[in-house]
Amino acid sequence: MAAAADGDGPDGTPVVSTAGAQTSPGGGNALPAPDLGAQGYDMVARRHVDDAGGGRHLGEFVYENDLGQRVRLFAQRREPAGEPSPRVSFEGGRPLARWQANGVDYALVGEMPADSLRSLARIAAAGRWATSG
């Protein structure tokens with residue numbers, strides 16, 4: 001996924017660089033985001049960024065549970081070639097789950113053990129989808 005972490009947000013999770021990009025309210029390029037409410041995570045923020053140079057549409061979705069724990073989901077449209085089942089790797093010492101669904105690459109990151117992140121990512125990949133925008 002081209003959305004690279006280039007710093008830490010206030011809660012310690014990576015943030016996406018928006019250099020050379022424009023924020024978009026959604027519209028025709030809205031990216032689908034999973035509904036994680038049944039897992040106790042409500043969407044509290046979303047941001048769509050259109051890359052002015054490459055025409056890429058990126059999405060960032062922030063979810064929070066009742067304890068104030070946040071996870072971030074990054075999304076980018078791509079030709080289907082990725083793995084439909086979430087795979088967890090470590091970047092910057094943090095677990096990162098990646099998968100592809102419906103022509104969109106997803107990356108989920110949060111301050112939790114890798115097994116917990118993998119479980120949440122599997123639910124997200126197989127669960128209900130809502131178009132944001």
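Which residues does Pro 84 touch, not counting residues up to four places away in sequence? Pro 84 touches Trp 99, Gln 100 and Ala 125, where contact means heavy atoms within 4.5 Å. The model is predicted: local features need pLDDT of at least 70, side-chain atom pairs count only at pLDDT 80 or more, and totals for chains, interfaces and linings use all residues. Residues are numbered from 1 along each chain as its sequence is written, and side-chain values use heavy atoms, with hydrogens and water left out.

Pro 84 lies in the loop between β7 and β8 (87-91). Strands (E, at least two residues) and helices (H or I, at least four) are DSSP runs, numbered from the N terminus. Pro 84 counts as exposed because its relative accessibility is 54%; exposed means over 50%, buried under 20%, and partly exposed in between (1.4 Å probe, protein chains only). The C-alpha atoms of Pro 84 and Asp 105 are 9.2 Å apart, at a sequence separation of 21 residues.

Phe 90 sits in strand β8. Its relative accessible area is 56%, so Phe 90 is exposed. Beyond four places in sequence, Phe 90 is in contact with Pro 95 and Ala 114. Phe 90 and Ala 114 are 24 residues apart in sequence and 8.6 Å apart C-alpha to C-alpha.

The largest nonpolar core holds 21 residues. Such a core is a set of buried Ala, Val, Leu, Ile, Met, Phe, Trp, Tyr and Cys residues joined through side-chain atoms within 4.5 Å. Tyr 63, Trp 99 and Leu 108 touch the most other members. At least two core residues each come from β6 (57-64), β7 (70-77), β9 (94-101), β10 (104-110) and α1 (114-126). Helix α1 gives the largest share, five residues.
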